[in-house]
Amino acid sequence: MRRLSARGSAATWLGRTALTREMFWFVVIGVASTVAQTMLYGVLRQWSPPVLANFTSLLVVTVLNTRPTAG
């Protein structure tokens with residue numbers, strides 16, 4: 001009976017580790033996307049109106065975030 005509970009706690013620990021890793025990468029990608037969108041907006045804003053610069057930068061970063069990865 002003790003072995004079952006030990007396995008359960010190990011599985012719980014592994015699950016938490018995987019969740020923590022996913023949350024870490026979610027935050028890293030979110031911050032990187034925000035920085036990229038802001039920088040692209042700043043560059044585009046020099047040559048276009050604010051609405052167009054915002055739309056274009058948001059579209060570009062969204063497409064880059066959602067494209068399929070190899071592997």
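## A residue to start with

Is Val35 buried, partly exposed or exposed, and what is its relative accessible area? Val35 has a relative accessible area of 43%, and because partly exposed covers values between the 20% limit for buried and the 50% limit for exposed, Val35 counts as partly exposed. Its place in the fold is helix α1, which runs over residues 2–45.

Val35 also belongs to a nonpolar patch on the surface, together with Phe26, Val27, Val31 and Met39.

## The chain as a whole

Let's step back for the overall picture, keeping in mind that this is a predicted model. The protein chain holds two helices and zero strands. Of its 71 residues, 8% count as buried. Its accessible surface comes to about 6,300 Å², and carbon and sulfur atoms account for 71% of that.

## Helix α2 and its two sides

α2 spans residues 50–66 and has 17 residues. From its first C-alpha to its last it reaches 24 Å, close to the 24 Å expected at 1.5 Å a residue.

Which residues of α2 are buried? They are Ala53, Ser57 and Val61. Looking down the axis of α2, these buried residues fall within an arc of 45°, so they line one face of the helix. The other side of α2 carries Val51, Phe55 and Thr66, which are exposed.

## Where the helices meet the loop

Ser48 sits in the loop between α1 and α2. Is Ser48 buried or exposed? Its relative accessibility is 15%, and because buried means under 20%, Ser48 counts as buried. The side chain of Ser48 also reaches back to the backbone oxygen of Leu44, at 2.9 Å.

Val43 is another residue worth a look, and it lies in helix α1. With a relative accessible area of 40%, Val43 is partly exposed. How far apart in space are Val43 and Ser57, C-alpha to C-alpha? The distance is 9.3 Å, while the two are 14 residues apart in sequence.

Technical notes: Residues are numbered from 1 along each chain as its sequence is written. This is a predicted model: local features need pLDDT of at least 70, side-chain atom pairs count only at pLDDT 80 or more; totals for chains, interfaces and linings use all residues. Side-chain values use heavy atoms; hydrogens and water are left out. Patches are made of residues with over 30% relative accessible area and no salt bridge: like charges are joined within 9 Å, nonpolar side chains (Val, Leu, Ile, Met, Phe, Trp, Tyr) within 5 Å. Accessible areas come from the Shrake-Rupley method with a 1.4 Å probe; for residues, only the protein chains shown count as cover. A salt bridge is a side-chain nitrogen of Lys or Arg within 4 Å of a carboxyl oxygen of Asp or Glu. Helices (H or I, at least four residues) and strands (E, at least two) are DSSP runs, numbered from the N terminus. Buried means under 20% relative accessible area, exposed over 50%, partly exposed in between (1.4 Å probe, protein chains only). A polar contact is a pair of N or O atoms within 3.5 Å; within protein, one must be able to donate a hydrogen and the other to accept it, and residues adjacent in sequence count only if both atoms are side-chain atoms. The expected span of a helix is 1.5 Å times one less than its number of residues. The arc is that of the directions from the helix axis to the C-beta atoms.
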